Amino acid sequence: MSEPGRDRLRELLGAVLDEDHRTLDDMSVGAFSSPFHFSRELVRGAGEPPVTMRRRVLLERAAWSLARGATVTDAAFGAGYESVEGFARAFARAYGHPPSAAVDRGGSHWLPSPNGIHFHPPTSLWVDSGEASSARPVGAGPTELMVHHDVDDIRTLLALAATLPEGELRAVRVGGSAPLTWDGPDESVGQVLTHLVQTKEVWLAAVDGHELPDLSADAPLESLAQRHEAVAGRWLAMVRDTDRRGAWADRIVDALCEPPESFVLGGIVAHVLTYSAHRRQLARLMLRDAGLTIDEGDPITWLHRRSGGI
């Protein structure tokens, strides 16, 4: 429980973005915490790992400074990169164009964010009032709560499953289970968790026009957890952007289908949440069958825990 009047999330954010805190160890020392607990607190409070957040916000600051005449070299070292080449590659991946083109592109320097936390000139953070609930979603609407709970709950299931031996992870526990026939069977813990992560990757590939992700049936659990952390932020950003634009009725044409099909964005999110809720409860059934103790996955309990402070 946080002390009265104390904003622990702001303290964590300050530790992430302190000019002298270039590593996770530096950040955790500045927050008077261990690296493990520091990372867990920030992911729980803001939905984004500390190193990822720092890299994103410093790239936003670099884009802002480039648009106002800074050299690529100055922007690179100001963002903490040891070489201009490394900075240029990271910038191009994030913005879709090289840093040398930033001054001509104009527009916002903000990158997609799972929490509405961005660089705001000259040196401060901006927490978008329309997105602030992602960092502390106590007063959010049901869609926001369901989407955020889904992401957090999958993270919990992956962490618990990591305690199982490989044989227990792959053992058939619910024979014949296949909620979505085109996904293949959901008969083991590994298969269910793989589909929980893959589903968001597949739909985001359709929305963004990217190639399909790895669709192997039983992905290694460690890589699956890493993939979940990567896709969670993109998924939250997509949902929030759709809501902000009032674009729930917009359609996408999914060229990855044979033949291509069109889908309504609101229908995509409803589809993902429906089958994710089923699979999360299916995973709980299987984990209990494997001898593990786990909660009910109730969003009311989850929200109550979060509303007590981070």
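This is a predicted model: local features need pLDDT of at least 70, side-chain atom pairs count only at pLDDT 80 or more; totals for chains, interfaces and linings use all residues.
**Figure 1. The protein chain as a whole, with its 13 helices and four strands.** Of the 310 residues in the protein chain, 45% are buried. The chain exposes about 15,300 Å², and carbon and sulfur atoms supply 57% of that area. When contacts between residues at least 6 apart in sequence are considered, 61% of them join residues that are at least 24 apart.

**Figure 2. The largest cavity and the residues that line it.** A search of the whole structure finds one cavity of 30 Å³ or more. Its lining is made up of His195, Leu196, Thr199, Lys200, Val272, Tyr275, Ser276 and Arg279, and these residues divide into three nonpolar, three polar and two charged. Two helices, α10 (189-208) and α12 (265-289), each supply at least two residues of this lining. As a general point, an α-helix has 3.6 residues a turn, so residues three or four places apart point the same way.

**Figure 3. Helix α4, residues 50-66, seen from end to end.**

**Figure 4. Phe32, in the loop between α2 (24-30) and α3 (35-46).** Although Phe32 is not a glycine, the residue has a positive phi of about 55°. Is the side of the chain at Phe32 buried or exposed? Phe32 is exposed, with a relative accessible area of 80%, and this value can be set against the cut-off for exposed residues, which is over 50%.

**Figure 5. Ser177, in the loop between α9 (166-170) and α10.** In contrast to the exposed Phe32, Ser177 is buried, with a relative accessible area of 10%, and it counts as buried because the cut-off is under 20%. Leaving aside residues up to four places away in sequence, Ser177 touches Pro185, Asp186, Glu187 and Leu282.

Notes. Residues are numbered from 1 along each chain as its sequence is written. Side-chain values use heavy atoms; hydrogens and water are left out. Buried means under 20% relative accessible area, exposed over 50%, partly exposed in between (1.4 Å probe, protein chains only). Contact means heavy atoms within 4.5 Å. Accessible areas come from the Shrake-Rupley method with a 1.4 Å probe; for residues, only the protein chains shown count as cover. On a 1 Å grid over the protein atoms alone, a cavity is a set of points where a 1.4 Å probe fits but cannot get out, and a pocket is an open set with protein on both sides within 12 Å along at least five of seven lines; lining residues have an atom within 4 Å of a point. Grid points are joined across faces, edges and corners, and a volume is the space filled by probe spheres set on the points. Ala, Val, Leu, Ile, Met, Phe, Trp, Tyr, Cys and Pro count as nonpolar, Asp, Glu, Lys and Arg as charged, and the others, Gly among them, as polar. The expected span of a helix is 1.5 Å times one less than its number of residues.
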